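Subject: Structure for your review

Dear colleague,

Please find below the structure that I am handing over to you. My findings follow it.

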Amino acid sequence: MKTTINCFLPFADAAQVRPTVESLKQCDLVSKIVLMATDPKAEAIDGCDLIHIDTLNASSTMKKIAEVADSGFILLYTKYDTLVPGYFALNRLVRLATDSKAAMLYADSYSVVDGKKSNVPVIDYQFGSLRDDFNFGNLLFFCAACFKKAAEGITADYKAAGLYDLRLRISRLGDLVHVNEYLYTEIAAPKKEDGESHFSYVDPRNRAAQIEMEQACTDHLKAIGGYLEPKFDKIEFDKGNFEYEASVIIPVRNRVRTIRDAIRSVLSQKTDFPFNLIIIDNLSTDGTSEAIEEFTSDPRVVHIIPQRDDLGIGGCWNMGVHHPKCGKFAIQLDSDDIYKDENTLAKMVAAFYEQNCGMVVGTYMLTDINLQMLPPGVIDHKEWTPENGRNNALRINGLGAPRAFYTPMLREIKVPNTSYGEDYALGLAFSRHNQIGRVYDVVYLCRRWEDNSDHALDIVKTNNNNLYKDRIRTWELQARCAMNKK
């Protein structure tokens with residue numbers, strides 16, 4: 001094969017694709033442009049080949065690309081918007097691919113919406129970057145030989161997970177390299193934020209696609225030695241001498257508007273076991289400390305004000321869990337959320353014994369500050385299965401809430417001293433050896449308001465969060481591979 005590029009573009013009609021085609025033709029390295037049409041009646045435009053596909057992400061599409069490619073490199077564009085490669089950008093990709101021997105390259109880009117241009121940086125791929133929504137941008141540049149070899153190994157007939165399956169296979173053949181240069185521009189139509197994309201992986205409407213993604217990820221874990229069979233350590237729940245059966249842990253900083261509601265929802269719990277509330281008041285300055293003091297006449301309320309200033313949410317959890325008054329089970333409540341009713345603690349504690357697990361995850365409902373439900377409503381994570389949940393956990397972005405832990409195990413593992421991803425890290429660590437229990441009743445109301453929303457972060461913050469979670473996945477996957485080798 002020659003050192004040229006075959007370009008594969010999604011095709012709706014001539015008006016949609018022609019600007020992209022004209023831009024690609026400006027590069028003398030482009031030997032062929034192939035349009036991919038889902039409409040069986042579509043006809044090619046001048047100077048382009050045409051293939052008919054089921055869906056852009058289907059396994060059959062990946063195989064067709066491999067069949068018709070006859071160049072050294074494959075450029076796959078995954079959007080219908082106009083693509084404008086940067087000045088000599090394709091030459092740059094060829095040179096870097098040749099020098100690095102990478103299996104796939106991807107780059108930062110610009111986006112133009114309504115005439116406004118913005119930067120769209122992406123992040124580095126890691127060993128643990130297994131989530132199917134990893135953002136490579138929409139221009140994927142492959143070593144054709146690696147693409148063809150990966151496609152040869154495809155046995156499943158995925159409708160939605162074909163591209164995901166392919167890139168996992170390619171990652172086993174070579175590096176997926178982030179070129180941190182702005183190499184192309186997308187001229188895009190405006191997009192509406194519906195507030196639901198953050199939770200798309202738990203949307204029942206996407207269940208069929210998620211089953212495919214889980215299977216592709218599970219097969220990949222088996223191929224690289226990171227898969228864990230459904231065998232779990234048994235827990236006796238007999239460690240330690242605890243005054244309380246359960247403790248609710250609330251880390252808080254400057255939540256005077258909501259902390260009273262959170263405290264009341266704990267103190268109103270009805271149980272047949274003793275419980276308490278441990279609040280780690282992380283240097284609040286807005287009256288939160290005084291609001292907490294209103295409740296300290298109740299002997300169940302433990303108000304801790306740390307003497308250090310380097311604690312994130314995870315560090316506050318460590319302080320609460322290692323307090324001598326902490327109970328056998330430590331149960332989460334964020335300072336701006338509340339329990340659904342007086343039965344939450346009883347249900348969460350019962351799950352430990354019934355399911356013999358080191359960690360329990362409940363079900364929550366999204367609401368506004370006035371407890372009116374927000375879309376998508378109930379987040380139950382029913383994609384979890386006892387047999388494969390801990391493997392699929394490496395693919396998805398979270399496990400749910402509220403979270404509860406067997407305290408002796410949590411004291412041993414300890415919580416990362418961060419304020420993002422610390423709960424996800426614990427879920428992966430606990431599930432390495434023990435079952436994670438589930439409560440599918442709504443037991444928690446997660447309140448979104450102007451001071452806590454995480455669904456509209458800027459791209460820099462989003463990238464930092466995703467990079468850290470991928471790092472967590474990488475560390476856990478490395479540990480599981482090493483454990484399996486033993």
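This is a predicted model: local features need pLDDT of at least 70, side-chain atom pairs count only at pLDDT 80 or more; totals for chains, interfaces and linings use all residues.

I begin with a strand pair: β6 (residues 104–113) and β7 (residues 116–120) run antiparallel to each other and share five bridges. Two strands are taken to pair if DSSP finds at least two bridges between them. Helices (H or I, at least four residues) and strands (E, at least two) are DSSP runs, numbered from the N terminus. Within this pairing, Ser109 faces Val120 of β7. The two strands make a hairpin with two residues between them, and Asp114 in the turn has a positive phi of about 55 degrees.

Residues are numbered from 1 along each chain as its sequence is written, and side-chain values use heavy atoms, with hydrogens and water left out.

Helix α9 (residues 313–321) is largely enclosed by the rest of the structure, because seven of its nine residues are buried. Buried means under 20% relative accessible area, exposed over 50%, and partly exposed in between (1.4 Å probe, protein chains only). The buried residues are Gly314, Gly315, Cys316, Trp317, Asn318, Gly320 and Val321. They pack against strands β10 (246–252), β11 (275–281), β13 (329–332) and β17 (403–406), and against helices α12 (407–413) and α13 (422–431); contact here means heavy atoms within 4.5 Å.

Turning to the aromatic residues, rings of Phe, Tyr and Trp (its six-membered ring) pair if their centres lie within 6.5 Å; planes under 30 degrees apart count as stacked, over 60 as edge-to-face and the rest as tilted. By this rule there are 19 aromatic pairs. One of them joins Tyr106 and Phe134 edge-to-face, at 6.2 Å centre to centre with 90 degrees between the planes. Tyr106 belongs to β6 and Phe134 to the loop between β7 and β8 (139–143), so the pair ties together parts that are 28 residues apart in sequence. Tyr106 is buried, at a relative accessible area of 1%, and Phe134 is buried as well, at 5%.

The rings of Trp317 and Phe405 are also edge-to-face, because their planes stand at 85 degrees, with centres 5.7 Å apart. Trp317 is in α9 and Phe405 in β17, so this pair ties together parts that are 88 residues apart in sequence. Separately, Phe237, Phe329, Phe352, Tyr353 and Tyr406 form one aromatic cluster.

Yours sincerely
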